Amino acid sequence: MKKVISVVGESQIDVSPDIIIINMNIIIDDKNYDNLIFAGNIMYKSLIENLKLVEIDDKDIKTINYNINSIYDSILVEGIFENKFKNYRLAHQLRIELNLDMMLLSNVIKAITDSITNPDLNISFSVKEKDIYKNMLIQKAIDNAIDLAMIIVNKAGIILGDIKEINYGNINNTFLSNTAFDIGMVSKEIININPSPIKLKDNIQIQWYIN
């Protein structure tokens, strides 16, 4: 049986964010199902119209999740807890992706908060061309594995043969900056921040036969 050498190559890069992701969550409670749907539509239209004022096209406002659930209260009746219907709850989650432009972000936040919707906001910073960085990480991990293998065989006085097997780590990078962004109030002033770099990493295992 041929002997093998196994090496794990690693890669890491820091990437500057170039897009802003705004997640909005509209929550509505109502005992009447039709009223719930009607209120949800009114709030959605108000949000869309306000965002048009800052040149955000409605086709760029994506629904990520839309669901309606029944909410119950747990009530003690003669020593036994029973579920009693409380109301329906509509949750409509939407997302906008913007270029990294702090003036635009300030205007969009104001447009959202000026609408009757008043959604919960979550703002994060990411990159648009993720595949470019995924490929860069793989290439760097391969180069690192080859460099390490050459160091080992040169020191050991052996010769690498053909590749036996390659196992790709495929680390689940979030592609999100660690910058926390939370605002309690809206101002007419422009928000100025510089999001921290996004730290990405990957690894790959390569096995060679030894000649």
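This tour moves through a sheet, a helix lying across it, and a pair of crossing helices.

The model is predicted, so that local features need pLDDT of at least 70 and side-chain atom pairs count only at pLDDT 80 or more, while totals for chains, interfaces and linings use all residues. Residues are numbered from 1 along each chain as its sequence is written, and side-chain values use heavy atoms, with hydrogens and water left out.

Begin with the open sheet, whose three strands stand in the order 1-7-6 with antiparallel pairing; strands here are DSSP runs of E with at least two residues, helices are runs of H or I with at least four, and both are numbered from the N terminus. Two strands pair if DSSP finds at least two bridges between them. Select 4–15 and 160–168 to see the edge strands, strand 1 and strand 6, each of which pairs on one side only.

Now show residues 130–156, helix 3, which lies across strand 1, strand 6 and strand 7, where contact means heavy atoms within 4.5 Å. Helix 3 runs at about 140° to strand 1, with axes fitted to C-alpha atoms, for helices over the stretch in contact, and angles running from 0 to 180 degrees between N-to-C directions.

Finally, select helix 1 (residues 33–52) and helix 2 (residues 102–114), whose axes come within 8 Å and cross at roughly 145°. At their contact, Leu47, Asn50 and Leu51 of helix 1 meet Val108, Ala111, Ile112 and Asp114 of helix 2.
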